[in-house]
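Biologist: I want to go through this model before I plan my reading of it. Please take me through it step by step.

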Amino acid sequence: MQEGPNLATVECDTVKPSTDADGVRTVYSQFALTQFAQGKKALKCESGTPWSQCLNKICTVDPANPDKAICACDVVRTGEWQTAGGECDTATCKTAYWSGALLADSRNNAEFLMEQLKITKSPAEACPVPKQ
């Protein structure tokens, strides 16, 4: 879990954090540039490989580690997509359910967030193209 500027594609009231009567904290997965600003690179994966679509999905804060949350994401296998996971190893596109986004959506979300934050240079860099 991270604090800071982020983006949801639904009304803000529908993704507002909450705590129930039993103290269970709920948050929602949103897009941020934080991982890229920390040096992670965007790994591009082929259509047909599995990935997790987590944007706007409900998450429960881990009571044992409040810096983490467990989210209920959709597993998708269509469209070229990208993730900040996988450490630029394309083999991981087939062996993990990384949180990702379709390429076009990822670009649009990053551009919108940059515009809102008045950032002129994106912190997101692509992984190097693997040698064939």
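Modeller: First, a term: a disulfide is a pair of cysteine sulfur atoms within 2.5 Å. The model is predicted, so local features need pLDDT of at least 70 and side-chain atom pairs count only at pLDDT 80 or more, while totals for chains, interfaces and linings use all residues. Residues are numbered from 1 along each chain as its sequence is written, and side-chain values use heavy atoms, with hydrogens and water left out.

Biologist: Good. By this rule, to how many disulfides does the count come?

Modeller: Apply the sulfur-to-sulfur cut-off of 2.5 Å. Cys59 and Cys71 meet it, with sulfur atoms 2.0 Å apart. By this rule the number of disulfides is four.

Biologist: Next, Cys45 and Cys93. Is their disulfide left-handed or right-handed?

Modeller: The sulfur atoms of Cys45 and Cys93 lie 1.9 Å apart. The torsion about their S-S bond is about -65 degrees, so the disulfide is left-handed.

Biologist: Which parts does the pair of Cys45 and Cys93 tie together?

Modeller: At 3% relative accessibility, Cys45 counts as buried. Cys93 counts as buried too, at 3%. The disulfide of Cys45 and Cys93 has an S to S distance of 1.9 Å. The pair is 48 residues apart in sequence and therefore ties together strand S3 (residues 43–45) and the loop between strand S8 (81–83) and strand S9 (101–102).

Biologist: Where in the chain is Cys127, the partner of Cys88?

Modeller: Cys88 and Cys127 form a disulfide, with 2.1 Å between the sulfur atoms. Its torsion of -80 degrees makes the link left-handed. The two cysteines are 39 residues apart: Cys88 is in the loop between S8 and S9, and Cys127 is in the segment after helix H2 (103–117).

Biologist: Is Cys127 buried or exposed?

Modeller: Cys88 is partly exposed, with a relative accessible area of 29%. Cys127 has a relative accessible area of 11%, so Cys127 is buried.

Biologist: Which cysteine sulfur is nearest to that of Cys12?

Modeller: Number the bonded cysteines of the protein chain in sequence order, and the pairing is 1-7, 2-5, 3-4, 6-8. Cys12 is in no disulfide, and at 16 Å the nearest cysteine sulfur is that of Cys59.

Biologist: What is the bridge partner of Tyr28 in S5?

Modeller: Strand S2 (residues 25–28) and S5 pair in the antiparallel sense, over three bridges. In S5, the bridge partner of Tyr28 is Ile58.

Biologist: What is the phi of Gly23 in the turn?

Modeller: S1 and S2 run antiparallel, joined by two bridges. Thr19 stands opposite Arg25 in S2. S1 and S2 form a hairpin with five residues between them, and in its turn Gly23 has a positive phi of about 85 degrees.

Biologist: Last, with which residues is Pro128 in contact, leaving aside its neighbours within four places in sequence?

Modeller: Pro128 is in the segment after H2. Pro128 is exposed, with a relative accessible area of 59%. Contact means heavy atoms within 4.5 Å. Leaving aside those neighbours, Pro128 is in contact with Lys41 and Cys88.

Terms used:
Helices (H or I, at least four residues) and strands (E, at least two) are DSSP runs, numbered from the N terminus. Buried means under 20% relative accessible area, exposed over 50%, partly exposed in between (1.4 Å probe, protein chains only). Two strands pair if DSSP finds at least two bridges between them.
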